[in-house]
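Visitor: Could you take a close look at one spot in the backbone for me, and then work outward from there? I'd like the rest of the picture to follow on from it.

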Amino acid sequence: MPIKRADKTPMPVREAQQRAHDFIEVNEGYTKAHAAFEAERCLRCQDPVCVGGCPVNVPIPEFIHAVAMGDMAGAAEILRSANPLPAICGRVCPQESQCEAECSMTQRFSPVAIGHLERFVADWERTQPPSVQAKITRTEKIAIIGAGPSGLVCAGPPARLGYPVTIYEALHAAGGVLRYGIPEFRLPKQVLDWEIGLLKSMGVEIVCNVIIGKTLTLDELFGKMGYAAVFIGTGAGLPQFLGIPGENLNGVMSANEFLTRVNLMGGYDPDTADTPVKVGKRMAVIGAGNTAMDAVRTSMRMGAEKAMVVYRRSDKEMSARVEEYHHAMEEGVEFHWLTNPLEIQGNAEGWATGLKCQKMTLGEPDASGRARPVPIPDSEFVLPVDNVILAIGTTPNPLLTRTTSGLLTNKKGCLVADEKTGLTSKALVFAGGDAVTGAATVILAAGAGKRAAQAIHEALEARG
Ligand SMILES: Cc1cc2nc3c(=O)[nH]c(=O)nc-3n(C[C@H](O)[C@H](O)[C@H](O)COP(=O)(O)OP(=O)(O)OC[C@H]3O[C@@H](n4cnc5c(N)ncnc54)[C@H](O)[C@@H]3O)c2cc1C
């Protein structure tokens, strides 16, 4: 079917029935012809409101114009000047509620596919020899805690300026949620590895299996380790539970545990992995954010015959990216909207067998601004299940703050940090990403890492 100029050029995707059983990336990426066609749709507005919709203000019309002109190197340079993780953000950013929501085309047609074009340019860039070289020319050492997007992005600018930069990561591989959370079928690890390789080629040292707050304290980084400034990008990896009966039954786990077992510990390949992941025939995932979509789609790929999402509100209130929701539906995920879990039932051997739920209706908006779910009396029923995965949110792990004096947190356990610089309550300690905002997005974490990098440089310059 010919593509109409009024419509976004569709992203080529793999066939749903096939992809639902493997971990190969679902989206195939634009061809050169797709990208050229889509780039021509950009109106190059006088007042490019799309730029304001992007948390790191990518000069969107400029990079798209470069694509239209066939200047891929120029497009890549413009993109990277604002967003240090374009291949990742082009794949996982919620563009529909950010840049694309602001696109002037949306007044009459569908928006320009900014995210798909971003991915196209960044994927082209990965086929080119890396151009960044850096040399250590300064003596002040910088330590970064956590190798998620905020930490990785914070490492780049100081390394380019000649500072020795070391990232300490608790897990055995770098990437944070990009490694252990977001599955291969959405974000191939080779994309992440390329970004990490780029940092290493700039001299950034990544030391894995070091938990700051346990292996070493933050104060020791300044003291015996001699660092001049520290950035905390430890994320929000502590899963929340519902507090309903049956959460400690076998077969019940948090989405973080499930996804880590599969993605980081290689659970998708039981022949080679030491970490078993037992997936039964019927899997219920509670929640409707990106984490829930990743968990439910992963469970299908791990062999679940019935993969279900259970959510107490409706599809209008879910926080998952629209694309993930559509892909999940195409792959056969079953959605139980307006359904509130009350209890997980188990058998005599201690395994989960059923999820007792209650039907809900929507009432007035609550504190989050979303319609409040209200229980419908006498509407309880039991969904037969073998596994229940909880994807209802995460909070920052308190380990670091408990072992560091003078680091202020708010009542949600998030680090208190200046919005512009990331400076915390402790001198020369900066922070950003989910550790500060609570669970949020990759681009917000990347933006915070970038701002903190600049602030660290300024603070060290001012110190002389
Ligand atoms: C399953 C899932 C899917 C998601 N999907 C999307 C999506 O599609 N789009 C999107 O924009 N966002 C998505 N998000 C959210 C996004 O991934 C996060 O907002 C982002 O990764 C936060 O980056 P960060 O650097 O702050 O923390 P993280 O990515 O959490 O990285 C923190 C790192 O710090 C390490 N660490 C923690 N404590 C210590 C310590 N004491 N010492 C040393 N290291 C430590 C951790 O091991 C981790 O590697 C998703 C999140 C999840 C869980």
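Guide: Let's start with Asn57, which counts as partly exposed because it has 15 C-beta neighbours inside 10 Å. Bear in mind that this is a predicted model. Asn57 sits in the loop that links α3 and α4 (60-68). What makes it worth a stop is its backbone: phi is positive, about 50 degrees, although the residue is not a glycine. Most residues other than glycine have a negative phi.

Arg44 is another case, with a positive phi near 45 degrees, and it isn't a glycine either. You'll find Arg44 in the loop between α2 and α3 (49-53). Arg44 has 12 other C-beta atoms within 10 Å, so it is exposed.

Now step back to the loop between α1 (16-19) and α2 (32-39), which holds Tyr30. Leaving out residues up to four places away in sequence, Tyr30 touches Ala35, Glu38, His116 and Phe120. For a sense of scale, Tyr30 and Thr424 are 394 residues apart in sequence, with 42 Å between their C-alpha atoms.

On to the sheet. Five strands form an open sheet in the order β3-β2-β1-β4-β16, and the pairing is parallel. β3 (205-207) and β16 (429-431) are the edge strands, each with a single partner, so one side of each has no neighbour in the sheet. From one strand to the next, the twist averages 20 degrees. Helix α18 (residues 442-463) lies across β1 (141-145), β4 (227-232) and β16, at about 160 degrees to β4.

Of the 40 residues around the ligand, the nearest are Gly146, Gly148, Gly176, Gly235 and Gly433. α18 is one of the elements that give two or more residues to this shell, the others being α9 (149-160), α14 (290-301), α16 (399-402) and α17 (434-437). By type, the shell splits into 20 nonpolar, 16 polar and four charged residues. Domain 2 (141-237 + 395-463) and domain 3 (241-392) both contribute residues to it, so the ligand lies between these domains.

Technical notes
Residues are numbered from 1 along each chain as its sequence is written. This is a predicted model: local features need pLDDT of at least 70, side-chain atom pairs count only at pLDDT 80 or more; totals for chains, interfaces and linings use all residues. Two strands pair if DSSP finds at least two bridges between them. Helices (H or I, at least four residues) and strands (E, at least two) are DSSP runs, numbered from the N terminus. Axes are lines fitted to C-alpha atoms, for helices over the stretch in contact, and angles run from 0 to 180 degrees between N-to-C directions. Two residues are in contact if their C-beta atoms, placed from the backbone, lie within 7 Å. A residue is near a molecule or strand if its C-beta atom, placed from the backbone, lies within 6 Å of it. Ala, Val, Leu, Ile, Met, Phe, Trp, Tyr, Cys and Pro count as nonpolar, Asp, Glu, Lys and Arg as charged, and the others, Gly among them, as polar. Domain bounds come from an automatic or database domain assignment. A residue is buried if 20 or more other C-beta atoms lie within 10 Å of its own, exposed if 12 or fewer, and partly exposed in between; C-beta atoms are placed from the backbone.
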